[in-house]
Amino acid sequence: MKKYKFKIKRFDPEKENFRWEEFSVDMKPMERVLDGLDRIKDYADGSLTFRRSCGHGICGSCAMKINGRNSLSCQTLIKDMSETIRIEPLEAFPVIKDLVVDMDDFFKKNDYVLPYLINDEPPPERERLQSPSEQEKILESITCIMCGSCTSSCPIYWTDNQYLGPSSILKAFRFIFDSRDRGKKERLEKILQPHGLWRCHSIFNCVESCPKEIDITGHITELKRLALKNRFRS
């Protein structure tokens, strides 16, 4: 066991102010930052507020800023941390309390791009078939867990809160390039707005912060190529 200092940026919604608080926690090397937060809440300060659910990098709910980088606290091992661990809420989203941010706008923008299969053709007797090569095109984009890390890390989103953000544009990619979908034109029109696809400046922050290591910028570039090929303009 080794002692670590958790320096947490907290927000009190009643007083509407931020403050830093420090907690000393004994941790094992293979434990996670999430384990330390649980320990603080269970034994030091029950008012500490943060989101968590599966604890295994699937739900994305425990995304936060750890030592200056957006990460999932359930995937961040103590052995990779310095003795002082700075934890902050995700940037660019309104803070509700402590490490919990308001993601309503984030999810609305994902809904805006029609994140579901569009196909009015008569359904087959069984499933709609897709070849392995066709499935390979969208495989990486499917692994997105919508944790918000990419959008929160995007400088364009910091300055333009109407920007759709990398997560929603990636969601559009997932269906536009799905061989079974028939809503390509409709979705392209959705993302080809003044605060959509062309606002991406390929800064790559989204790629660096993605816990699933998705090449989000690469996918957005493919959408730009497709838009030009189809002569769509914003």
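At what angle do the axes of helix α2 and α6 cross, and within what distance do they come? Hi everyone, let's start there, keeping in mind that this is a predicted model.

Helix α2 covers residues 104–112, and its axis comes within 8 Å of the axis of α6, with a crossing of roughly 25°. Angles under 35 degrees count as roughly parallel, and α2 and α6 are therefore roughly parallel to each other. The crossing of α2 past α6 is right-handed. If you want to find the contact on screen, look for Phe 106, Lys 109 and Asn 110 on the α2 side, and for Ser 167, Ser 168 and Lys 171 on the α6 side. By class, that contact has one nonpolar, three polar and two charged residues.

Let's stay with α6, which runs over residues 165–176, and turn to helix α7, residues 184–191. Here the packing angle is about 165°, and the axes are 10 Å apart. That angle makes α6 roughly antiparallel to α7. As α6 passes α7, the crossing is left-handed. From α6, the residues making the contact are Ala 172, Phe 175 and Ile 176; from α7, they are Lys 184, Arg 187, Leu 188 and Ile 191. Sorted by class, we get five nonpolar, two charged and no polar residues.

Now for another neighbour of α6, helix α9, made of residues 216–229. The two axes come within 9 Å and cross at roughly 60°, so α6 and α9 are oblique to each other. This crossing is left-handed. On the α6 side, Pro 166, Ile 169, Leu 170, Phe 173 and Ile 176 take part, and they meet Ile 216, His 219, Ile 220, Glu 222, Leu 223 and Leu 226 of α9. What classes do these residues fall into? Nine are nonpolar, one is polar and one is charged.

Last stop, the largest pocket. Its volume is about 260 Å³. It is lined by 15 residues, and the closest to the centre are Arg 69, Asn 70, Ser 71, Gln 75 and Thr 76. Which elements give two or more residues to this lining? They are β4, residues 69–72, and α8, residues 205–209. The most comes from β4, which gives four residues. As for classes, the lining has six nonpolar, five polar and four charged residues.

Technical notes:
Residues numbered from 1 in each chain as written. Predicted model: local features only at pLDDT ≥ 70, side-chain atom pairs only at ≥ 80, totals over all residues. Heavy atoms only, no water. Axes fitted to C-alpha atoms, helices over the stretch in contact; angles between N-to-C directions. Parallel < 35°, antiparallel > 145°, perpendicular 65-115°, else oblique. Left-handed = near helix turned anticlockwise from the far one by under 90°. Contact = heavy atoms within 4.5 Å. Nonpolar A, V, L, I, M, F, W, Y, C, P; charged D, E, K, R; others polar. 1 Å grid on protein atoms, 1.4 Å probe; cavity = no way out; pocket = protein on both sides within 12 Å on 5 of 7 lines; lining within 4 Å. Points joined across faces, edges and corners; volume = space filled by probe spheres on them.
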